[in-house]
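Work through the exercises below with the sequence and the coordinates at hand. Each task is followed by its solution.

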Amino acid sequence: MVIFMASQPMLESVLEEKSQRIAEVLLGSANPFQLMSGKLLGTVAGSLTIFVIYVAGAYFLAVQRGLTDQIPFELLPWFIVFQVLGVLFYASIFLAIGASVSQLKEAQSMLLPVWMLMMSPMFVWLFAVQEPNGKLATLFSFFPPAIPTMMMLRLSASQTIPIWQPIVGVVVLTACTLLGVFIASRIFRIGILWQGKTPKLSEIFKWALTG
């Protein structure tokens, strides 16, 4: 939920700046990479704020009902790491899409695959809870778009998973996040000032490959 709530507004933010020509003013004070970096860091900070609010509320409720001994505090570091990486991963994708189009309706065709990736862990969560060390849950937890959700789901299940798996998951997700931010920065640098017709997917891929 935190990843969904923090990443989606990135698309609307970039689209608004493009449509109202705010981006051109901002680029007079910062280069595209600085502007994109600031947006991503702000998104991460916003997601952490949401996280703190939820945790504080849950802890207060647990104290009121005497359930603090059931709170898995040992999972909080993993949660923060996967949340930050997940927000950066998806926010960079939404940012690249927002920079590539001029209107929200033009982004619909590009958003469908992204939403499918974000929702993919929901299709197998029951299997992950029942058999957190099963083949399906294990393989799915190394699929980059699903790593944040699946790893946290398996870590919080009743069975203990090997410690090397979440570590490898962090490494894989970090590498994919860095790659995603790098590609998004190339698309953002060109697309933020792109006006007129919506670029074709082949053109967007060209921006990503050649910058």
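**Exercise 1.** Leaving aside neighbours within four places in sequence, which residues is Phe188 in contact with?

Solution. The model is predicted: local features need pLDDT of at least 70, side-chain atom pairs count only at pLDDT 80 or more, and totals for chains, interfaces and linings use all residues. Residues are numbered from 1 along each chain as its sequence is written, and side-chain values use heavy atoms, without hydrogens and water. With contact taken as heavy atoms within 4.5 Å, Phe188 touches Val14, Pro32, Leu35, Met36, Leu95 and Ala99.

**Exercise 2.** Find the salt bridge and locate its two residues.

Solution. Step one: apply the criterion, a side-chain nitrogen of Lys or Arg within 4 Å of a carboxyl oxygen of Asp or Glu. The search of the whole structure gives 1 salt bridge. Step two: the pair is Lys39 and Glu17, at 2.6 Å, N to O. Step three: Lys39 belongs to helix α3 (residues 32–65) and Glu17 to helix α1 (residues 2–19), so the pair ties together parts 22 residues apart in sequence. Helices here are DSSP runs (H or I, at least four residues), numbered from the N terminus. Step four: Lys39 is buried at 13% relative accessible area, and Glu17 is buried at 12%; buried means under 20% (1.4 Å probe, protein chains only).

**Exercise 3.** Describe the setting of Phe82.

Solution. Phe82 lies in helix α4 (residues 76–100) and is buried, with a relative accessible area of 1%. Leaving aside neighbours within four places in sequence, its contacts include Ile147, Met152 and Leu173. Val129 is 47 residues from Phe82 in sequence and 18 Å away in space, C-alpha to C-alpha.

Definitions and conventions: Helix = DSSP H or I, 4+ residues; strand = E, 2+ residues; numbered from the N terminus. Buried < 20%, exposed > 50% of the residue type's maximum accessible area, 1.4 Å probe, protein only.
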